[in-house]
Amino acid sequence: MPLLALGIEGTAHTVGVGIVDETCRVLANVYDMVKPEKGGIHPREAANHHAEAVVPLIRKAADLAAIDLGDLDVVAFSQGPGLGPCLRTVATAARALALTLHRPIIGVNHCVAHLEIGRGVTAAKDPVLLYVSGGNTQVIAFARGRYRVFGETLDIGIGNMLDKFARECGLPFPGGPILEKFARDGNRLLTLPYSVKGMDVAFSGMLTAALALRKQGASMEDLAFSIQEVAFAMLTEVTERAMAHLDNGEVLLGGGVARNKRLQEMVGRMALDRGAAMFVPPGDLCIDNGAMIAWTGLQMYRGGVRMAVADTIVNQRYRTDEVAVTWR
Ligand code: AMP
Ligand code: MG
């Protein structure tokens with residue numbers, strides 16, 4: 001029997017449960033997302049939502065995978081970075097499950113999991129990851145035993161910028177996919193700040209400028225188009241620079257914004273021009289999901305990582321390069 005892991009994700013708006021085997025076959029990957037009716041995500045409300053959703057999701061995942069929870073070999077959970085109340089809720093669920101089943105528990109770094117699931121389900125071997133999600137925006141690659149952050153946002157995540165802009169314009173959450181649709185009908189490139197500082201990017205100036213243009217009457221189509229063109233060009237530039245610096249011929253996309261077809265097109269074009277290859281996992285594995293936590297936890301376990309319950313305290317500011325990567 002191949003080893004089986006169950007992973008619980010819950011760093012922010014999404015609580016997810018995935019079950020994966022040691023060949024990275026995804027047997028189940030179910031989730032539930034908080035969608036605030038007004039305003040942004042409130043950490044405590046999101047945590048309450050996760051607390052109610054997590055047990056039914058565990059049952060649903062086991063049903064879909066057609067396994068008994070007793071068949072599991074490892075229980076993994078997202079240990080950080082993320083919102084404290086959400087992290088503590090899923091950590092508590094994972095501890096309860098692991099202790100009940102008498103199985104090892106592994107806390108997983110969420111950003112590392114985005115990269116590992118991409119390596120697991122695509123042909124990418126040692127890629128530069130462009131990780132673009134709601135709260136995070138980082139360019140990550142493996143170097144000297146760790147996943148190192150080569151560039152990142154200096155303020156808000158790209159997804160956050162898209163969602164906030166959409167919200168201020170009266171659109172529901174999540175705004176990213178809605179803006180992608182508007183952008184298809186845009187044809188005027190409006191002037192927005194292009195903020196690349198060395199290997200880092202910043203998005204709050206763009207958000208302010210785009211909202212000001214909206215007040216002056218710019219169309220949603222042109223604004224969505226311009227935001228995408230400028231923001232994605234910034235991301236493509238820093239990703240290319242990391243690839244050049246590392247002499248790396250693989251780029252992997254991850255995070256919810258990686259579902260965006262225009263971003264895929266721009267990064268894909270850059271890769272083609274460099275003779276490099278681009279890899280994009282299926283959409284359900286790009287967004288926050290339990291399968292990526294299960295898969296990373298399983299590899300950590302196979303790489304010899306063991307954690308006592310005392311080691312499973314959550315870390316809201318868990319840095320990608322804090323993790324000693326012993327499994328590759
Ligand atoms: P994550 O935080 O990784 O779960 O991803 C959620 C984020 O991805 C939200 O900010 C969404 O607005 C964003 N997102 C999802 N689909 C798209 C898309 N097609 N284009 C742009 N952003 C997207
Ligand atoms: Mg994420």
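## Charges, cores and a strand residue in a predicted chain

The chain carries 33 positive and 34 negative side chains, and the centres of these two sets lie 2 Å apart, where Lys and Arg count as positive and Asp and Glu as negative, with His and the chain ends not counted, and where each charge is placed at NZ of Lys, CZ of Arg, CG of Asp or CD of Glu. The model is predicted, so that local features need pLDDT of at least 70 and side-chain atom pairs count only at pLDDT 80 or more, while totals for chains, interfaces and linings use all residues. Residues are numbered from 1 along each chain as its sequence is written, and side-chain values use heavy atoms, with hydrogens and water left out.

The chain contains 10 helices and 12 strands, which are DSSP runs numbered from the N terminus (H or I of at least four residues for helices, E of at least two for strands). Its radius of gyration is 19 Å, close to the 20 Å that the globule rule gives for 328 residues, and the chain is therefore as compact as a globular protein of that length; the radius is taken over C-alpha atoms, and the rule is 2.2 Å times the number of residues to the power 0.38. Buried residues make up 55% of the 328, buried meaning under 20% relative accessible area, exposed over 50% and partly exposed in between (1.4 Å probe, protein chains only).

The largest nonpolar core has 46 residues, of which Ile158, Met161, Phe203 and Leu235 touch the most other members; such a core is a set of buried Ala, Val, Leu, Ile, Met, Phe, Trp, Tyr and Cys residues joined through side-chain atoms within 4.5 Å. Among the elements that give two or more residues to this core are β6 (128-132), β7 (137-143), α4 (158-168) and α7 (220-246), and α7 gives the most, with 12 residues. Leu235 touches Leu130, Val132, Thr137, Ile158, Val201, Phe203 and Leu263, not counting residues up to four places away in sequence, a contact being heavy atoms within 4.5 Å. Apart from this core lies another, of 33 residues, including Ile117, Phe279, Met292 and Leu298.

Met278 belongs to strand β12 (residues 277-279) and, at 27% relative accessibility, counts as partly exposed. Leaving aside neighbours within four places in sequence, Met278 is in contact with Val251, Leu253, Gln264, Val267, Gly268 and Ala271.

Key
Chains are lettered from A and ligands numbered from 1 in the order in which they are written.
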